[in-house]
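Subject: Structure handover

Hello,

Here is the structure I promised to pass on. Please open it beside this email, and then read my notes below.

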Amino acid sequence: MTVSYLLGYYLWVGPHVLLGAILFAMIRRKVYPQFPMFFLYTAFEILQFAVLFTISRSHVHFGESYVRVYSVGLAVSTAIRFAVIHELFRHFFRSYPALDLPGRYLFRGLTVVLLLVATGVAVSAPGNSASFLLNITYALDRTASVMQCGLLISLFIFSRYFALSWRSNAFGIALGLGIFASVELATSAIWLHLGAFGNRAVNLLTMATYHCCVLIWMFYLMRPEREAQQAPKTLPKYDLDIWNQELQRLLQR
Amino acid sequence: MTTTIIIVVIASLALLCLLWLAKGRTLSASVLDNPTAHIRALDVEAFRNLVDPDEEEFLRSQLPPAAFRRIQRERLRAAVEYVSCAAQNAAILLRLADAGRRSTDPATAEAAEKLVDNAIRLRLYAFHAMARLYLGMILPGARIYPVRVAESYEQMTRQVVLLGCLQYPTRGIAAAL
């Protein structure tokens, strides 16, 4: 067994064990009603891992059946990730009623624009693989990554422009998903170009990134929720002269 | 091959952009620790004057076209400064009011909620106004009247005073507005 082989196994098994811990923490700390889609995503990732791991250990190994299950799993996982992003948008804008409507328009508008961009990329650069299933899988993965990456970056830009505060667990989920989406965008493009399943270096990079994202989710979901905003540190000592001046100024209008 | 390289480069840039945005997600601690030092005084009347349609019409009628365009660009440039200053103040007040929303005192929570709401609206108007003002600088003949910023700013000022009376002792906030 080489170091690379062991590392590969660790990066495959480790994040899913940690996802189990996240799932447990979400139930214990009653966070799952706030983020039901993320809860579903975590549960599905663990299930998918269990199925794929079992197949890989059986006589089928990493053969055609494995690729089929992997492709279906990736499609479902990607769809749930979209639901998680939608959930983050809703969670974020619900805290600020003034942004509820612009936020909804932003999400819809961006989704349409990014879908057009991603479709354009898919048409202009189809895959090189002989396998139709692999071509479709990676092309869809790349399309979804473009959209997810764009949506999450837009959410961060939006929150930054309006100087809005995030609940730390929502921030952690968004950051982890964003990092994974951007790396997956690169790796899916490389996979599509190589036209082969299971390039070792690309696999390790994807798995290592996913491990980092799981650690980010763990950090933000398991630590105590901080107050999103600093409160004044001193007790009020009203300066009556100042307030009086302000009141007079307002009354003069 | 070229498309793959372009996508990989874009993905890398997206990752860097995301990390940069995530790193600076909050206003710096110094701003929140001492907001009064960062809030800039804004003369709303002077701003109103800069974007007053009557004033603009008067200048248009009194000055030769070339001189009017030059003066109008200067006026709009000054208006951009005012709008960005108002937007910056709104961002700081928004973050400060955010804490008040979770106050146990209903009056404070309500005042803070209104201030947050208004500060967000002001940021929205400011974004809109900036686009219009820059457009006006490119086309000095076009009529640009971003008055909602001034109204929203005044409303926000009142809400800051109210919230300050209820919660904040910070002398500078009231004095700055």
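In which helix does A:R108 lie? A:R108 belongs to helix α4 of chain A, which covers residues 100–124. Keep in mind from here on that this is a predicted model.

Now the chains.

Chain A has 253 residues, and 34% of them count as buried. Chain A contains 8 helices and 0 strands.

Chain B has 177 residues, and 41% of them count as buried. Its secondary structure comes to 9 helices and 0 strands. Along the sequence the pattern is α-α-α-α-α-α-α-α-α. For contacts in chain B with a separation of 6 or more, residues 24 or more positions apart account for 72%.

Next, confidence.

The mean pLDDT of chain A is 81. In that chain, 83% of residues reach 70 or more. Which element of chain A has the highest mean pLDDT, and which the lowest? Helix α2 (residues 36–57) of chain A has the highest, at 92. Helix α8 (residues 240–252) of chain A has the lowest, at 53. Look also at residues 228–240 of chain A, where the pLDDT is below 50. Beyond near neighbours in sequence, this stretch has 19 contacts in the model. Where pLDDT is low, the predicted coordinates should not be read in detail.

Now two helix pairs. Two packed helices are described by the angle between their axes and the distance between the axes.

The first pair is inside chain A. Helix α3 (residues 64–94) of chain A and helix α5 (residues 132–161) of chain A have axes that come within 10 Å. These axes cross at roughly 15 degrees. Angles under 35 degrees count as roughly parallel, and α3(A) and α5(A) are therefore roughly parallel to each other. Their crossing is left-handed. On the α3(A) side, the contact includes A:L74, A:F82 and A:F89. On the α5(A) side, A:L140, A:D141 and A:L151 are among the residues. By class, this contact has 14 nonpolar, 5 polar and 2 charged residues.

The second pair joins α5(A) to chain B. Which helix of chain B has an axis that comes within 10 Å of the α5(A) axis? One is helix α1 (residues 2–23) of chain B, and the crossing is at roughly 30 degrees. That makes α5(A) roughly parallel to α1(B). The crossing of α5(A) and α1(B) is left-handed. From α5(A) come A:C149, A:L152, A:I153, A:F156, A:I157 and A:R160. They meet B:A14, B:C17, B:L18, B:L21 and B:A22 in α1(B). The residues of this contact divide into 10 nonpolar, no polar and 1 charged.

Best wishes

How values were computed
Residues numbered from 1 in each chain as written. Chains lettered and ligands numbered in written order. Predicted model: local features only at pLDDT ≥ 70, side-chain atom pairs only at ≥ 80, totals over all residues. Axes fitted to C-alpha atoms, helices over the stretch in contact; angles between N-to-C directions. Helix = DSSP H or I, 4+ residues; strand = E, 2+ residues; numbered from the N terminus. Parallel < 35°, antiparallel > 145°, perpendicular 65-115°, else oblique. Left-handed = near helix turned anticlockwise from the far one by under 90°. Contact = placed C-beta atoms within 7 Å. Nonpolar A, V, L, I, M, F, W, Y, C, P; charged D, E, K, R; others polar. Buried ≥ 20, exposed ≤ 12 C-beta atoms within 10 Å, placed from the backbone. pLDDT = per-residue confidence, 0-100.
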